[in-house]
Amino acid sequence: MSYSASHGYRSIAELASQAPNFTLGILGDLHLSPDRQMRLFEEAKDQLVTVLESQQAKLGGGAACQAGLVQLGDVGGYHHQPGSLACFQRCRDWLAGFDLPVALITGNHDLEGLEFKTDALNLAAWQETFQQEHHWRVDVGPAILLGLGTSRFRSNQHSAHEVHVDAEQLAWFRNQLDASQGRPVIVFSHAPILGSGVRSVLDVHVKNRCAWLNHSTNPHVFMELVESHPNIHLWFSGHFHLSHNYADSISVVGRTAFATTGVIGKANRDGFRHSWVLSATPTEYRLQTLDHGTGRLRLDLVQEWGSRAAPAPRPNRTNLLKAPSVVPVMSALPGLQFKGGEALESTAAQWFQIGNGAVLGRKEGLLVEYEAASASPIGVVLTDLEDDHQIRFRGADGGILSGIALDEAATLEVCGPEGDGAAEVAVLHSIPRNAQGTFYQIFQRNKWQLRLAKESAAKAHPAASSQ
């Protein structure tokens, strides 16, 4: 597919290079907002340009080092028509100010344009504006860069915000990996993959089952590809609006480092504004955080391409956060072991084995469902637990089960506190197993489909809708 040129904007077509070295600025969710916070976006742009020019000079200048940008999707501000053609054009014009080649991928908010009736029309407008496909391969220096973009919003079964890689794109991705012949591969996606171990936001993305790529439709396939292709050295994602100041902002599985990417505007969840700067030579890569609040660089990871050792994020990384109040800390299953029907103490949480490869963990008012095999949160059962609420399970015969090995549980009950002399506590919630045989609940229906249903009902009964 060919795309029309846009004055001043340098598209992905200019990113490929045979120069031996490269340096990339990696931008997370942009949510560009043409309001008073534009000064933050302009400040971040100036910082990135200065840093990339400096990195390029250190690596031999333009002939020896390619410089560029990768943007991980969600380009439009929440209150500025995200997913619209105007939003895309605004972002393209802002990116043109870098005077650097840019590769983008689609995020969930990029396909919610109200002016488009279908995902395909919305995606086509994005592609035409940014002069590229939503998934791509770029060869630069010693590495192969692969970008994976979401292709649906309106047609997602549950949450419209699930980031979905369709079967055609997945087949393309598999073919690119198989053809890489051991060359270093770096992957970019809007949402991270199940099992990557990066910090997630339980009461937003996990609760609404839109945390991981293809969260509700075979999310395991991506980690299977990582395990069968150890030349995938790095995998960058955004989606969570979290800074790089957590121990699990970079997680490691095998020889692959997974890095969550911060934001440069006010859409952050923890007060920090971060981007990545990735620089590489034929022998190694260096990953640094650019703190847009201070303008300083922090070296977080150095790794030789040919090393067979697992990447090791630097232990002296500064400003690491432990438990900011705005981000639940129970993000990954902490390697629980169960002995004799008792759970080992771990992070002051209460745990229940419920069978079918799932574990429930209770902490901070949430009851979260984890997949044991990937040690990942995959859903939420309840969000309003009080400290004095009791959790119990009943079997198919109605009897109350004891212990934590609860494979035979048919129903989960949340009960109020025991009262003095009360014969039976009040049952506040009674939750049967879901269609998958576990207990997570569906909290968010597809908002696009709900809107269409509401409009259809209003047309069918105009008098009732006007009351």
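Me: Hi! What kind of model is this, and how are residues numbered?
Reply: Hello! This is a predicted model, where local features need pLDDT of at least 70, side-chain atom pairs count only at pLDDT 80 or more, and totals for chains, interfaces and linings use all residues. Residues are numbered from 1 along each chain as its sequence is written, and side-chain values use heavy atoms, with hydrogens and water left out.

Me: Okay, sheet first. In what order do the six strands come?
Reply: The open sheet runs β3-β2-β1-β10-β11-β12, with mixed pairing. β3 (102–104) and β12 (297–304) stand at the edges with a single partner strand each, so one side of each has no neighbour in the sheet. From one strand to the next, the twist averages 20 degrees. Strands here are DSSP runs of E with at least two residues, helices are runs of H or I with at least four, and both are numbered from the N terminus. Two strands pair if DSSP finds at least two bridges between them.

Me: How do β2 and β3 pair?
Reply: β2 (residues 65–71) pairs with β3 in the parallel sense, over three bridges. L69 stands opposite V102 in β3.

Me: New topic: where is H31, and is it buried or exposed?
Reply: H31 lies in the loop between β1 (21–27) and α1 (38–58). H31 is buried, at 3% relative accessibility. Buried means under 20% relative accessible area, exposed over 50%, and partly exposed in between, using a 1.4 Å probe and protein chains only. H31 also has a positive phi of about 45 degrees, although it is not a glycine.

Me: Which other residue has a positive phi, near 55 degrees?
Reply: That's E364, which is likewise a residue other than glycine. E364 is in the loop between β16 (358–363) and β17 (366–371), and is partly exposed with a relative accessible area of 49%.

Me: And what does N214 touch?
Reply: Leaving aside neighbours within four places in sequence, N214 is in contact (heavy atoms within 4.5 Å) with E162, V163, H164, V165, P219 and F222. N214 sits in the loop between α5 (202–206) and α6 (221–228), and is buried at 4% relative accessible area.

Me: Now the holes! What counts as a cavity or a pocket?
Reply: On a 1 Å grid over the protein atoms alone, a cavity is a set of points where a 1.4 Å probe fits but cannot get out, while a pocket is an open set with protein on both sides within 12 Å along at least five of seven lines. Lining residues have an atom within 4 Å of a point. Grid points are joined across faces, edges and corners, and a volume is the space filled by probe spheres set on the points.

Me: How big is the largest pocket, and what lines it?
Reply: The largest pocket has a volume of about 460 Å³. Of its 26 lining residues, R209, I378, Q436, T438 and Y440 are closest to the centre. β17 gives the largest share of that lining, three residues.

Me: What about the largest cavity?
Reply: The largest cavity holds about 30 Å³ of space. Its lining is H158, S159, E162, N208, R209, S216 and I442.

Definitions and conventions:
Axes are lines fitted to C-alpha atoms, for helices over the stretch in contact, and angles run from 0 to 180 degrees between N-to-C directions.
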